[in-house]
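User: I would like to learn how to read a protein model, one feature at a time. Please take me through this one.

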Amino acid sequence: MAKRAPDPEKRPGFFSQIKSLFRFTREVYGWLPWAQIAILVGGVLLGLVVGYLIPPFQVWTLVLWAITGLMLGVLGALFLMTRLSTTAMYAKIDGMPGATGHVISSSLGRKWQASDTPVGINPKTQEAVYRAIGRGGIVVVGEGARGRLTRLMNEERTKAQRVAHGVPVHVFYVGHGEDDVAIADLAKTIKKLPNKIDKTTLAAVIRRIDSVSQSVSSLPIPKGIDPTKVRAQRPR
């Protein structure tokens, strides 16, 4: 008898995702429910005021405007939760090994090529170096203590400068010290870099970098390298 094919994985429904996102965000911002209630009440009150002020005054018009205000309040509450969920995600992964790789591989957009796999890593101390390549040049990002990252960062920067002569190489350290970039600001800091190379040069630089890069896939990856586990699903 032929084996039955496994049923396709069922995606969570819209309301299930909303519920999951709400719980995730509330863990960081405990005042979220009260803020959403205030937005809903404010929306209804705004609708009532508008319905009362627009002549001619009729009860059914007032009810319709109240419903309209409620719908606007729902949208406002969802917008607030969505914006806060992003901040909550960064707060959760801040300081977690692999957070830098997750951010640069998922938040830079199509104009940048980056991987969540480090190009250099110290398995004992979990310091890691990541790389992104885009129209702004080559970006080398260090995750961990600066003192222990110096050698890894210098090696990666020298390699990039050698194989991509004339292409700007930018160095960033993720952290909260002086001249460090907070994990929440990393993506926008990289995307703000001005375009320095055209698309043809970019493709050539990517090929050169890939051809000389040493694979680190055989090195042990520190535990907790996957920060996506703390990211709540967004409603679709």
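User: Where is Asp 179, and is the residue buried or exposed?

Analyst: Buried means under 20% relative accessible area, exposed over 50%, and partly exposed in between (1.4 Å probe, protein chains only). Asp 179 has a relative accessible area of 65%, so it is exposed. Asp 179 sits in the loop between S5 and helix H6 (186–191). Helices (H or I, at least four residues) and strands (E, at least two) are DSSP runs, numbered from the N terminus. The phi of Asp 179 is positive, near 70 degrees, in a residue other than glycine.

User: How was the model made, and what should I know about the numbers?

Analyst: The model is predicted: local features need pLDDT of at least 70, side-chain atom pairs count only at pLDDT 80 or more, and totals for chains, interfaces and linings use all residues. Residues are numbered from 1 along each chain as its sequence is written, and side-chain values use heavy atoms, with hydrogens and water left out.

User: What is the mean pLDDT of the protein?

Analyst: pLDDT is the predictor's confidence in each residue, from 0 to 100. Its mean for the protein is 83, and 85% of the residues reach 70 or more. Over residues 215–225 the pLDDT is below 50, and this stretch has 17 contacts in the model beyond near neighbours in sequence. Contact means heavy atoms within 4.5 Å.

User: How many helices and strands does the protein have?

Analyst: There are 7 helices and 5 strands. From the N terminus on, their order is α-α-α-α-β-β-β-β-α-β-α-α. Of the 236 residues in the protein, 36% are buried.

User: How do I check the span of a helix such as H3?

Analyst: The expected span is 1.5 Å times one less than the number of residues. Helix H3 (residues 59–93) has 35 residues and should therefore span 51 Å; its end C-alpha atoms are 51 Å apart, which agrees. Among the buried residues of H3 are Gly 69, Gly 73, Ala 77 and Met 81. The cover over the buried residues of H3 includes helix H1 (14–28), helix H2 (32–53) and helix H4 (99–106). After H3 comes Gly 95, with a positive phi near 90 degrees.

User: At what angle do H5 and H7 cross?

Analyst: Axes are lines fitted to C-alpha atoms, for helices over the stretch in contact, and angles run from 0 to 180 degrees between N-to-C directions. The axes of helix H5 (residues 146–163) and helix H7 (residues 199–212) cross at roughly 130 degrees and come within 10 Å. H5 is therefore oblique to H7. Angles under 35 degrees count as roughly parallel, over 145 as roughly antiparallel, 65 to 115 as roughly perpendicular and the rest as oblique. Lys 159, Ala 160 and Val 163 of H5 make the contact with Arg 208, Ile 209 and Val 212 of H7.
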